[in-house]
Amino acid sequence: MWLGNIIYEDREIADERLELKAEADRLIYLGPNLSLRRCTVVIRVPSSRLLISPMRLIDCTIEVKQELKNKSWTCAALKGCHFKGRMVGCDFGPWPGNATGWEQGAVEDCDFSEARLDQCRFHGCDMRTVRLPRWPCFTILDPIGHGRELTSVEWPGSFIPVILEGPYKDVPSTVAVTYYAPAEAKRAGTTEAELKAAIERFDFIVR
């Protein structure tokens with residue numbers, strides 16, 4: 001600990017259970033140069049108090065006990081990991097050029113089937129090795145590559161599956177985006193049934 005913060009860095013931890021719970025205004029740092037093997041990582045901390053630096057997680061289980069919002073895992077190399085819990089606006093995999101260390105991320109042989117992902121992006125990884133959550137979550141694979149197909153049809157409400165031009169266009173490293181249908185239907189002013197019917201037109205959308 002340093003100035004009340006909790007820091008895991010410059011070491012390898014194996015076969016342990018890490019309970020990440022920040023009290024008062026303390027921060028929790030994961031990394032740099034941290035390697036976790038076959039560990040269970042339980043996250044009970046707001047996103048603002050969890051900082052992720054370059055690190056490796058191998059065959060770990062990550063249990064998110066309180067919704068994790070807008071947290072970047074792009075500094076973390078993940079192999080054989082199992083994610084559980086609710087995550088919104090999170091990024092996984094390498095995102096080179098966006099911030100220091102974000103090119104070091106990786107996702108390989110990971111299982112998100114028990115996670116609830118919403119507006120979560122995967123970058124620069126082979127999605128064939130990734131188990132994804134099923135409906136009411138759905139995942140658009142290679143949204144940029146399938147951009148013309150996605151934008152050539154009408155979508156319910158204000159749902160926009162991909163942005164190909166302009167200042168808010170999807171970043172080139174994006175290989176998949178996962179949504180949680182109830183939340184997306186509410187944001188877009190539509191229904192889950194209408195959203196499901198729309199995505200069923202495409203075999204590259206996993207549901």
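Select Arg 131 to begin: this residue is exposed, with a relative accessible area of 52%, where exposed means over 50%, buried under 20% and partly exposed in between, computed with a 1.4 Å probe and protein chains only. The model is predicted, and local features need pLDDT of at least 70, side-chain atom pairs count only at pLDDT 80 or more, and totals for chains, interfaces and linings use all residues. Residues are numbered from 1 along each chain as its sequence is written, and side-chain values use heavy atoms, with hydrogens and water left out.

**Salt bridges**

Asp 111 counts as buried, at 13% relative accessibility.

Next, select Arg 128 and Asp 126, which form a salt bridge with the closest N and O atoms 2.9 Å apart. Arg 128 is exposed because its relative accessible area is 76%, while Asp 126, at 32%, is partly exposed. Salt bridges that share partners also join Glu 67, Lys 69, Arg 86 and Arg 116 into one network, and the structure holds 15 salt bridges. One of them is between the side chains of Arg 17 and Glu 19, at 3.1 Å from N to O, with Glu 19 partly exposed at 38% relative accessibility.

**Two parallel sheets**

Now show the strands S1, S4 and S7, which make an open sheet in the order S1-S4-S7 with parallel pairing, two strands being paired if DSSP finds at least two bridges between them. Strand S1 (6-8) and strand S7 (50-52) stand at the edges, each with a single partner strand, so one side of each is left without a neighbour in the sheet. Between S1 and strand S4 (residues 28-30) there are three bridges, and Ile 7 has Tyr 29 in S4 as its bridge partner.

Move on to the open sheet of five strands, ordered S2-S5-S8-S10-S13 and likewise described by parallel pairing. Here the edges are strand S2 (11-14) and strand S13 (106-108). S10 is joined to S13 by three bridges, and Lys 79 has Glu 108 in S13 as its bridge partner.

**Buried polar side chains**

Select Asn 5, in the segment before S1, which counts as buried at 9% relative accessibility. A polar atom of the Asn 5 side chain lies 2.8 Å from the backbone nitrogen of Leu 27.

Then go to Ser 72, in the loop between strand S9 (61-69) and strand S10 (76-79), which is buried at 14% relative accessibility. The side chains of Ser 72 and Thr 74 are joined by a polar contact of 2.5 Å, meaning a pair of N or O atoms within 3.5 Å; within protein, one must be able to donate a hydrogen and the other to accept it, and residues adjacent in sequence count only if both atoms are side-chain atoms.

**Last stop**

Finish at Tyr 168, in the loop between helix H1 (147-151) and strand S17 (174-180), which is exposed with a relative accessible area of 70%.

Conventions:
Helix = DSSP H or I, 4+ residues; strand = E, 2+ residues; numbered from the N terminus. Salt bridge = Lys/Arg side-chain N within 4 Å of Asp/Glu carboxyl O.
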